[in-house]
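User: Hi! I'm new to this structure and would like to get to know it step by step. Could you help me with a few questions?

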Amino acid sequence: MLVYLIRRIGQSLLVIAVMACLVFLAVYAVGDPVAILANPEASEEEMAAIASRLGLDRPIWEQFFIFIWNALQGDLGTSFVYSDPALEVILERLPATMELALVALILSILMGVPLGVIAGLKPDSFVGRTIMSTSILGFSLPNFWIGLMLILFFAVELRWLPASGRGDTVEVLGMHLSMFTWDGLRHLLLPAFTLALYKASLVIRIAQAGTREVMLQDYVRFARAKGLSSRRIVMVHVLKNMMIPVVTVLGLELGSMIAFAVVTETVFAYPGMGKLLIDSINRLDRPIIVAYLMMTVFIFVIINLVVDLLYAAIDPRVRLSEAKG
């Protein structure tokens, strides 16, 4: 297990280093922030002063090495717009996006696993076929369209839920969270459901395939021969083994929900990291964009690492094959 852990950490560090180079060069090669930040009537001297203050008058290779040196010390630059450390600006929005992704993940599990197991246990029944057919909608419908329809129906027509914003927050462990207040939950429900729909469809498909595969295994037949009830077979044998691929996929999808909730946050005017990214792209606030992308890479790498370690802990064959390789 130690060899497997060291190898995975080394691969993770290599991925972060490569992505740091690609992200910096891709973002700093596009546009001119000085033209956006400066007054339209500013003179050339004033624009040169702004470029000098932001460090944009230096060669790109020099800016790159300054970025790498500062990044190694935990400094991902200072926002051109907010004049605060970029990481600090993003971390202020992180709790909002994290709780949105967490609620969406819980909704996708609550919807996806039971429906997938039912469809796997009764694949040829009307219920099983209906579940699998309906899950296609989750893949097919555009995310922004689902959000707009939910706003139109639940916020405009029925007036049950708010259409935008975050709602009241309470301080928990130094973070302002809205998921622990009634008003916050009402604001979270529509964007979280929008974000969860695609993931729930994915979980349904994986759970259905996993259930069908597990039901054909010898230990399930042996459990039936022992006279165990169907409920006990499902709860003890099927769920445990079917959840291995579900845990892997959900771990990866949690990263994508945190990093790419951009469309959902924009549709619902939800003040998370995704909306901050869109605003920063419009203003060419390069440090915020680079810091956001590097943080996204870091989150993906950490989640992948944790999922791989969990997977190795669940299935010993994984760590044995890695150790031999």
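Predicted model: local features only at pLDDT ≥ 70, side-chain atom pairs only at ≥ 80, totals over all residues.

User: Thanks! Where is Asp124 found, and is this residue buried or exposed?

Analyst: Asp124 lies in the loop between α5 and α6. A residue counts as exposed when its relative accessible area is over 50%. Asp124 has a relative accessibility of 61%, so this residue is exposed.

User: What distance separates the C-alpha atoms of Asp124 and Ser230?

Analyst: Along the chain, Asp124 and Ser230 are 106 residues apart.

User: How do α6 and α8 cross, and how many charged residues does their contact have?

Analyst: The axes of α6 (residues 126–140) and α8 (residues 182–215) come within 8 Å, crossing at roughly 140 degrees, and the crossing is left-handed. Residues in this contact include Ile131 and Phe139 of α6 together with Leu197 and Arg205 of α8. Sorted by class, the contact has 8 nonpolar and 4 polar residues, and the number of charged residues is 1.

User: Which residues have the most contacts inside the largest nonpolar core, and which element gives the most to this core?

Analyst: In general, nonpolar side chains in soluble globular proteins tend to be buried together. Here the largest nonpolar core has 59 residues, and Ile90, Leu100, Met273, Val290 and Met294 have the most contacts inside it. Elements giving two or more residues to this core include α1 (2–28), α10 (230–259) and α13 (286–314). With 13 residues, the element that gives the most is α5.

User: Which residues is Met273 in contact with, leaving aside its neighbours within four places in sequence?

Analyst: Met273 is one of the residues with the most contacts inside the largest core. Leaving aside neighbours within four places in sequence, its contacts are Ile90, Arg93, Leu94, Thr97, Ile258, Glu265, Tyr292 and Met295.

User: How many residues does the second, separate core have?

Analyst: Members of this second, separate core include Ile146, Ile151, Leu197 and Phe268. Leu197 also takes part in the contact between α6 and α8. The number of residues in the second core is 8.

Definitions and conventions. Residues numbered from 1 in each chain as written. Heavy atoms only, no water. Axes fitted to C-alpha atoms, helices over the stretch in contact; angles between N-to-C directions. Helix = DSSP H or I, 4+ residues; strand = E, 2+ residues; numbered from the N terminus. Left-handed = near helix turned anticlockwise from the far one by under 90°. Contact = heavy atoms within 4.5 Å. Nonpolar A, V, L, I, M, F, W, Y, C, P; charged D, E, K, R; others polar. Core = buried A, V, L, I, M, F, W, Y, C linked by side-chain atoms within 4.5 Å. Buried < 20%, exposed > 50% of the residue type's maximum accessible area, 1.4 Å probe, protein only.
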